[in-house]
Amino acid sequence: MKFEELKALHDLPLFDLIKKSREVHDANWADNEIQLCTLLSIKTGGCSEDCSYCAQSARYNSGVQVERLMEKEAVIERARAAHDSGSTRFCMGAAWKGVRKGTKRFDQVVDIIEEVSELGMEVCVTLGELGPEEATILKKAGVTAYNHNVDTSREHYPNIVTTHTYDDRLRTIRNAQDAGMSVCCGGILGLGENDEDRLKMIETISEFNPQPESVPINSLMPMPGTPLGESDPVTIFDVVRMIAIARIAIPKAKVRLSAGRTQISEEGQALCFFAGANSIFYGDKLLTAQNPSVQKDLNLIKQLGLSAKQPNPNMAAPQADCSKEASPCCS
């Protein structure tokens, strides 16, 4: 969708917007199911990047303890626990600028992925920048989806990160698409952006060809010691409005209510689900941030009459529209 269309939606009264997003949701996701995803940091802290929101950057005194890549056995133990608690997607994140074929750490991650993929869950990884060869290897190892958020608009991005460019991020997404992986791509609300930045972010994501398989909508959780550590929280109405717009703009994607759920009441989360969210990160921790407890999430899902979506590790990636140019377009 184009910016003008998205702005027209954004300017609607909230209930009118939700009415439209609910119609789109029901047309594409009539199953009343919520995808439960578990996120594990397999390598924490010490990152060379300068993302202003991230406590894992080595440039900031955030108090996050630097940890080496987890041993495979420890990751598998956590993956089995996630499976046993009902998670259908296991996401592994590493605080790196990127990965390169032929390095010890890349080979170790591939080995971990191959074993996790045998547990029957969907496998998602976020490992930073990715070249075409690395993307192909990850796909072959069993990766279902590659997460790489655009975070915000192209215009606002240099205010948030300077150690890589917006085009670097788009190039990684293109490489993941070309390798046949599904793409998980969304953004973060509360980075000092304005409404126009948020809509331009959705415009960029909606114009991917193929579109993302899932779209995380994160709310900034200010981390002490980072440049955005004193930021004001976004409101629940900001979150609901962006979920509704994402649902309309990317109708066949799972829209994930992601970071920041500890700041949202159960009633607020229910409104997010009604507006079009059908995926959550599930478990007590998101990388370095807290998350609602497993039992609390299960109780809420039950109260709302929803159910957990079953895993589909062999799901095909979204198909490109052959009448349009592949996007992102990267050299």
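Asp-238 and Arg-198 form a salt bridge, with the closest N and O atoms 3.7 Å apart. By salt bridge I mean a side-chain nitrogen of Lys or Arg within 4 Å of a carboxyl oxygen of Asp or Glu. The pair links distant parts of the chain: Asp-238 sits in helix 8 (residues 236-249), Arg-198 in helix 7 (residues 195-206), 40 residues apart. Helices (H or I, at least four residues) and strands (E, at least two) are DSSP runs, numbered from the N terminus.

This is a predicted model: local features need pLDDT of at least 70, side-chain atom pairs count only at pLDDT 80 or more, and totals for chains, interfaces and linings use all residues. Residues are numbered from 1 along each chain as its sequence is written, and side-chain values use heavy atoms, leaving out hydrogens and water. pLDDT is the predictor's confidence in each residue, from 0 to 100. The chain averages 89.

Back to the bridges. The count is 19. Next, Asp-31 and Lys-309: 2.8 Å, N to O. Asp-31 lies in the loop between helix 2 (14-28) and strand 1 (33-43), Lys-309 in the segment after strand 12 (307-308), so the pair ties together parts 278 residues apart in sequence.

Buried or exposed? Asp-31 is partly exposed, at 34% relative accessible area. Lys-309 is buried, at 11%. Cut-offs: buried is under 20% relative accessible area, exposed over 50%, partly exposed in between (1.4 Å probe, protein chains only).

Then Arg-261 and Asp-297, also at 2.8 Å, N to O. Arg-261 is buried at 2%, and Asp-297 is buried at 3%.

One caution. pLDDT stays under 50 over residues 285-289. Where pLDDT is low, the predicted coordinates should not be read in detail.

Conventions
Contact = heavy atoms within 4.5 Å.
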